[in-house]
Amino acid sequence: MKKAIIIGATSGIGRELAIILADNNYVVGITGRRKQLLDELKDTRPDHFIVSAFDVTETLAVTKKLDELAADLGKVDLVILSSGTGELNEQLDLAIEKETLDVNVTGFTAIANWTIKYFLQQKQGQFAAITSIAGLRGSRHAPAYNATKAFQINYLEGLRQKIKRSKLPITITDIRPGFVDTAMAKGEGKFWVAPVTKASKQILNAIENRKRIVYVTKRWRIIAFVLRLIPTGLYSKM
């Protein structure tokens, strides 16, 4: 039986992935800040879920909690990082920007570092992190969110380079969603909004096929291509 940890399983994509993995006979360590929601999920499949409640920004607690969760599971084949935050912030409220940085940079790094060290010691495993297509360019609507997603994309690339040198069977999967019907999808003008179930199934398929980079849903590869082609001068006026 395979074992997985999902960081951010209280709602949205993380919760749906936990359910799908349990349906596929995984034992899943589910984490998040809201213990009540984790307990409610565990009650649906008690033999398939192990609960560990913590905040990813409390970096000292992250290592301790993940060590304990990994010990409870016995081994970890897969870690999925689905925890993140972001708000529209055209007024540049520093409190909003700081919260985004704390979760998407500091928390992300703490989780990523623990995971890679664990897999290096175990000599195998897969780390799948949900970044965003937003990480490809900046945004006047949510400056910190797009910038932190760019950080995540580049951090994963650095880790992938590090793993390549180890020559161990460790896979790093960068999942870049467009709009998915969750609380994270904010603002006007949303299009190609994917249901959570559809997005989650595509994510799991990419994980099973050990993809390095995947856009969710698949049509968002078109937007990624176009974003890269827009000249800086033109993009700055958008």
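Student: An open sheet of seven strands with parallel pairing: what's its strand order?
Tutor: Keep in mind this is a predicted model, where local features need pLDDT of at least 70 and side-chain atom pairs count only at pLDDT 80 or more, while totals for chains, interfaces and linings use all residues. Residues are numbered from 1 along each chain as its sequence is written, and side-chain values use heavy atoms, with hydrogens and water left out. Strands (E, at least two residues) and helices (H or I, at least four) are DSSP runs numbered from the N terminus, and two strands pair if DSSP finds at least two bridges between them. On that basis, the seven strands of the open sheet pair in parallel, in the order 3-2-1-4-5-6-7.

Student: Is strand 5 largely enclosed by the rest of the structure, or is it exposed, and why?
Tutor: Buried means under 20% relative accessible area, exposed over 50%, and partly exposed in between (1.4 Å probe, protein chains only). In a regular strand the side chains alternate between the two faces of the sheet. Here both faces of strand 5 are covered, with G125, F127 and A129 buried on one side and Q126, A128 and I130 on the other. Because six of the six residues of strand 5 (125-130) are buried, the rest of the structure leaves this strand largely enclosed.

Student: In strand 6, which residue stands opposite F127?
Tutor: Strand 5 pairs with strand 4 (78-81) in parallel over four bridges, and there V79 stands opposite F127. Toward strand 6 (170-177), strand 5 runs parallel with six bridges. The residue of strand 6 opposite F127 is I172.

Student: How does the chain cross from strand 5 to strand 6, and with what handedness?
Tutor: A crossover is right-handed if, with the strands pointing away from the viewer, the path from the first strand over the helix to the second runs clockwise. Strand 4, helix 4 (94-122) and strand 5 form a β-α-β unit of that kind. From strand 5 the chain goes through helix 5 (143-166) to strand 6, and this β-α-β crossover is right-handed.

Student: What's the bridge partner of G29 in strand 3?
Tutor: Strand 2 (27-32) and strand 3 pair in the parallel sense over five bridges. With helix 2 (35-44), these strands make a right-handed β-α-β unit. G29's partner in strand 3 is I50.

Student: And which residue of strand 7 partners P177?
Tutor: Strand 6 and strand 7 pair in parallel over four bridges. Helix 7 (220-229) lies across both of them, at about 110° to strand 7. The bridge partner of P177 is V216.

Student: At what angle do helix 3 and helix 4 pack?
Tutor: Two packed helices are described by the angle between their axes and the distance between the axes. A crossing is right-handed if the near helix is turned clockwise from the far one by less than a right angle, and left-handed if anticlockwise; helix 3 and helix 4 cross right-handed. Their axes lie 10 Å apart, and the angle is about 35°.

Student: How many nonpolar residues are in the contact of helix 3 with helix 4?
Tutor: Contact means heavy atoms within 4.5 Å, and among the residues making it are V62 and L66 of helix 3 and W114 of helix 4. Ala, Val, Leu, Ile, Met, Phe, Trp, Tyr, Cys and Pro count as nonpolar, Asp, Glu, Lys and Arg as charged, and the others, Gly among them, as polar. So by class, there are three polar residues and one charged in this contact, and the nonpolar count is seven.

Student: Is T100 buried or exposed?
Tutor: T100 sits in helix 4. Leaving aside neighbours within four places in sequence, its contacts include T85, E87 and Y145. With a relative accessibility of 2%, T100 counts as buried.

Definitions and conventions. Axes fitted to C-alpha atoms, helices over the stretch in contact; angles between N-to-C directions.
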